[in-house]
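Keep the structure open and follow along as the residues come up.

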Amino acid sequence: MIELYHGSNLFIDKIDFTKCKPYKDFGQGFYLTDIFPQAMDMAIKRTRIVGSGSPVVTKFLFDEKLLSDGSLKVLTFDSPSIEWAKFILANRKRGKDKFVHDYGGLYLCLFCVVSFILCAD
């Protein structure tokens, strides 16, 4: 099991994809990192932007076996590439369909600031 963190202005007891904003680098999803200080920085930033609540880092446990057992669609980026850049640009493009890909599941960006992104199917 790996510990993953999500920084926000409130405690997250259940992931709700309808509250996730579209047009982010990896699309509409729930962004997590395995770096606690990074999650805390995001919590502070989010609290400042929203103007309410207080910085909170919520911890989630993730079974790494799910990355290879076939139960999730996993798209992995090991390093910056043309494919990675096109993927991000397509997700940021406004006025498009909800998804520009068929990866409802998990994106794993091994060199990114935010490492894990859960996306709704």
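The buried residues of the helix are Ala-39, Ala-43 and Thr-47. Looking down the axis of α1, these buried residues fall within an arc of 75 degrees, so they line one face of the helix; the arc is taken from the directions that run from the helix axis to the C-beta atoms. Their cover includes β1 and β3 (56-62), where a contact means heavy atoms within 4.5 Å.

Before going further, please note that this is a predicted model, in which local features need pLDDT of at least 70 and side-chain atom pairs count only at pLDDT 80 or more, while totals for chains, interfaces and linings use all residues. Residues are numbered from 1 along each chain as its sequence is written, and side-chain values use heavy atoms, with hydrogens and water left out.

α1 has 15 residues and spans 21 Å from its first C-alpha to its last, close to the 21 Å expected at 1.5 Å a residue; that expected span is 1.5 Å times one less than the number of residues. Gly-51 follows α1 and has a positive phi, near 80 degrees. In the loop between β2 (29-32) and α1 you will find Thr-33, which is buried at a relative accessible area of 4%. A polar atom of the Thr-33 side chain lies 3.1 Å from the backbone nitrogen of Ile-35.

Now for the whole chain. It contains two helices and six strands, in the order β-β-α-β-β-α-β-β from the N terminus. These elements are DSSP runs numbered from the N terminus: helices are H or I with at least four residues, and strands are E with at least two. Of the 121 residues, 36% count as buried.

Which parts does the aromatic pair tie together? The structure holds one such pair, and the rings of Tyr-5 and Phe-36 have centres 5.3 Å apart and planes at 90 degrees, so the pair is edge-to-face. Rings of Phe, Tyr and Trp (its six-membered ring) pair if their centres lie within 6.5 Å, and planes under 30 degrees apart are stacked, over 60 edge-to-face and the rest tilted. Tyr-5 lies in strand β1 (residues 2-8) and Phe-36 in helix α1 (residues 36-50), so the pair links parts 31 residues apart in sequence.

There is also one salt bridge, meaning a side-chain nitrogen of Lys or Arg within 4 Å of a carboxyl oxygen of Asp or Glu. Glu-3 forms it with Lys-59, the closest N and O atoms being 3.4 Å apart. Glu-3 is in strand β1 and Lys-59 in strand β3, so this pair ties together parts 56 residues apart in sequence.

Here is the accessibility of the residues in these two pairs.

| Residue | Relative accessible area | Class |
|---|---|---|
| Tyr-5 | 12% | buried |
| Phe-36 | 38% | partly exposed |
| Glu-3 | 34% | partly exposed |
| Lys-59 | 49% | partly exposed |

Finally, take a look at Thr-58 in strand β3, buried at 2% relative accessible area. Among the residues that Thr-58 touches are Leu-4, Tyr-5 and Phe-11.

Terms used:
Buried means under 20% relative accessible area, exposed over 50%, partly exposed in between (1.4 Å probe, protein chains only). A polar contact is a pair of N or O atoms within 3.5 Å; within protein, one must be able to donate a hydrogen and the other to accept it, and residues adjacent in sequence count only if both atoms are side-chain atoms. Lists of a residue's contacts leave out its neighbours within four places in sequence.
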